[in-house]
Amino acid sequence: MMDDVHAHSGAVYLLPPGEQVLEMAVMAGLPRSFAAPWERISLSSPLPVADALRERRLIWVSGEEEMAGRYPRIAVVLPYPFALAALPVATADVAYGAVFVTWPGSHPPDITTTERGRLISACDRLALRLQRAAEQGRPAVPEADFLGPAAMAGTTGAIEAVRMLTRIPDGMCSLDVNGRVTYANTATGALVGTPVAQLLGTQLWTALPWLNDPVYEDRYRAALISQDTTSFVALRPPQEWLMFRLHPSRSGVSVHITPARGTVQDIPSDVPSEPPARLVAISHLLNLASALTEAVGVSDVIDLVAGEIMPAVGSRSLVMLAPEGGRLRVLGHRGYEDAALVERFDGMPLAAQTPGARALATGVPSFFESRTQLEQIYPARFAARDGMAAWAYLPLIASGRPVGTCVLGYLGPHHFSADERAVLTSLGGLIAQALERARLYDAKLRLANGLQSALLPHSLPALPGLEVAARYLPGTQGMDIGGDFYDLIRTGDTAAAVVGDVQGHNVAAAGLMGQVRTAVRAYTAVGQSPGKVIASTNRLLIDLDAELLASCVFLRLDLPGHRALLARAGHPQPLLRDPDGGVHVLDLAGGPLLGIERSAVYPTTAVPLGPGSVLVLYTDGLIEAPGVDVDAALADVAALLARAADQPLEALADSLLGHAAGVGQRSDDTALLLLRPER
């Protein structure tokens with residue numbers, strides 16, 4: 001497949017039956033370590049191979065800029081110029097997995113028709129082979145990665161090439177795609193201060209301590225992925241600077257080493273005593289940290305840990321604990337069919353002798369590679385069997401204080417290497433920060449929802465001869481609190497109604513909204529006309545000196561007279577659906593926004609409102625969204641209203657609000673009030 005489209009790397013992922021995790025079965029062209037953060041991928045992850053399989057289509061990413069925009073998690077770990085195509089491996093009925101292939105950054109911005117056709121055909125053939133294998137009871141299993149053909153040696157030309165390189169005073173060495181030295185001339189050993197025999201078969205950054213820095217390994221990765229020449233300067237102690245130029249191909253990298261005279265003036269006097277972290281571990285953390293930045297609430301954090309971190313580290317269960325009122329609370333869990341196995345720990349005292357409580361109290365992670373290890377220290381766990389055989393208890397420390405414990409469980413005994421323990425411990429810190437932010441957000445959200453609920457009507461009065469429905473939809477950004485409101489006010493045998501929008505999306509806007517709604521009710525109760533009600537509310541708003549503006553539309557219903565009396569203050573025009581299905585936008589004369597001019601006048605307009613008519617009052621959130629034309633959006637709402645026939649207003653309100661919610665990101669909230677005189 002790669003040869004047919006001249007790609008330089010690729011991988012096949014398989015989806016085990018009944019699982020929701022893609023597992024890398026084989027990689028070609030580049031070391032598997034380059035894709036280490038994505039060896040196991042949740043099918044719900046926002047990554048190209050997962051998208052390709054979920055959507056059953058080819059995913060094309062043309063280069064570095066598009067990758068950063070669409071798949072930032074990959075761009076953070078692999079910030080190099082390359083193009084990528086991902087495709088599903090599936091028949092009409094069964095999903096078997098997915099494939100990705102990559103090209104150097106020099107690939108044109110569009111995938112060609114030939115490339116697309118060859119890739120799709122190859123994936124279709126692979127799906128049929130996997131289908132036949134499954135029917136024959138031969139499940140597909142991972143196999144050895146293919147990193148290119150073996151190097152040829154022993155020919156006369158090769159011997160002469162070696163002799164030529166021996167005579168060159170510059171260092172020349174060859175690395176395979178795993179970064180291992182397959183050849184080095186004599187000058188290489190002299191320049192780096194290590195015999196050539198000790199370099200062969202090793203990676204330069206592991207054989208030479210002064211090259212053991214992720215910065216240098218990153219240059220090698222950049223060369224292989226982008227297939228562009230890269231270079232770096234490194235200090236060979238005590239004071240010799242060397243220039244390394246890396247010339248890549250699909251089979252490896254040729255390295256040209258020369259003295260870097262005059263390149264660097266200042267030589268550092270100290271060398272770190274501890275070796276830097278491996279780049280593979282760093283790439284894992286970068287990928288997972290990028291995922292955690294997307295979490296908003298606690299449920300998001302748990303979903304991301306379950307969807308991204310669990311597959312990456314190979315765990316099969318998750319429990320998230322947090323201290324609350326001197327006890328441990330279970331915030332969420334995954335991987336347990338019987339929730340009672342986990343929920344029995346909810347409410348356990350913080351002083352309890354359990355590994356979760358101890359990790360929280362001491363701030364020290366615990367790793368148990370088998371059930372025997374766990375029960376030797378915590379015998380009480382013998383009776384609390386949860387189906388797991390190994391565990392990692394990670395304390396979640398943020399801002400110097402414990403915020404919880406993350407428990408990862410493994411189905412079988414699991415050896416935690418030093419590198420894995422370091423990565424998991426670091427992950428605990430990232431999860432802690434995300435969890436602390438999420439719990440603060442959830443607390444603010446509960447406050448916002450409580451305030452919003454208190455300020456809006458809990459229910460609307462039932463009036464004979466009138467069907468009503470109302471909805472409030474918060475915006476998708478911010479604290480889900482705003483100044484949009486609606487109200488229906490009983491006035492004797494009939495009613496008045498108002499829909500308004502106070503400027504802003506914060507507590508101040510919500511508070512002022514409550515005052516405006518109360519004022520409208522008060523002025524309605526004393527019998528003022530619609531225009532007078534709005535004018536009085538306007539003067540009150542100016543007297544309050546709130547420095548916020550508001551819009552509204554107010555009406556009094558005259559059900560016996562089959563009409564409505566309306567006044568408007570800078571608010572979107574209402575919609576009216578006639579009994580025969582015709583929909584039109586009312587053209588009401590109006591005055592300025594509330595809070596601008598004390599002497600403003602708001603005319604009252606009479607509008608016919610016969611039985612079966614539907615009057616729609618709304619705020620601008622129903623028709624306004626980033627990148628959406630307001631007139632087109634209003635026409636869409638009118639068309640939806642025209643198709644409504646005589647369906648109940650509750651169902652119609654849901655349809656209208658569902659249309660508004662479908663536009664994606666909404667910077668504004670929406671209030672909606674529907675009125676229909678009964679026939």
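User: Before we look at this predicted model, what makes two residues count as being in contact?

Analyst: Contact means that heavy atoms lie within 4.5 Å. With that cut-off, residues 24 or more positions apart account for 61% of the protein's contacts that have a separation of 6 or more.

User: Why is alanine 671 called buried?

Analyst: A residue is called buried when its relative accessible area is under 20%. Alanine 671 has a relative accessible area of 0%, and therefore it is buried.

User: Where does alanine 671 sit, and which residues does it touch beyond four places away in sequence?

Analyst: Alanine 671 belongs to strand E27, which covers residues 670-677. Leaving out residues up to four places away in sequence, alanine 671 touches Arg471, Asp484, Phe485, Tyr486, Val499, Leu617, Tyr618 and Thr619. Glycine 621, which is 50 residues from alanine 671 in sequence, is 7.6 Å from it in space, C-alpha to C-alpha.

User: What makes a set of residues a nonpolar core, and which members of the largest one touch the most others?

Analyst: In the largest core, which has 58 residues, Tyr13, Trp38, Leu204, Leu211 and Phe244 touch the most other members. Helix H10, residues 214-226, gives the most to this core, with six residues. A second, separate core of 50 residues includes Tyr486, Leu488, Ala569 and Leu675.

User: How does the radius of gyration of the protein stand against that of a compact globule?

Analyst: The protein has a radius of gyration of 34 Å, whereas a compact globule of 679 residues would have one near 26 Å.

Terms used:
Residues numbered from 1 in each chain as written. Predicted model: local features only at pLDDT ≥ 70, side-chain atom pairs only at ≥ 80, totals over all residues. Heavy atoms only, no water. Helix = DSSP H or I, 4+ residues; strand = E, 2+ residues; numbered from the N terminus. Buried < 20%, exposed > 50% of the residue type's maximum accessible area, 1.4 Å probe, protein only. Core = buried A, V, L, I, M, F, W, Y, C linked by side-chain atoms within 4.5 Å. Rg over C-alpha atoms; globule rule 2.2 N^0.38 Å.
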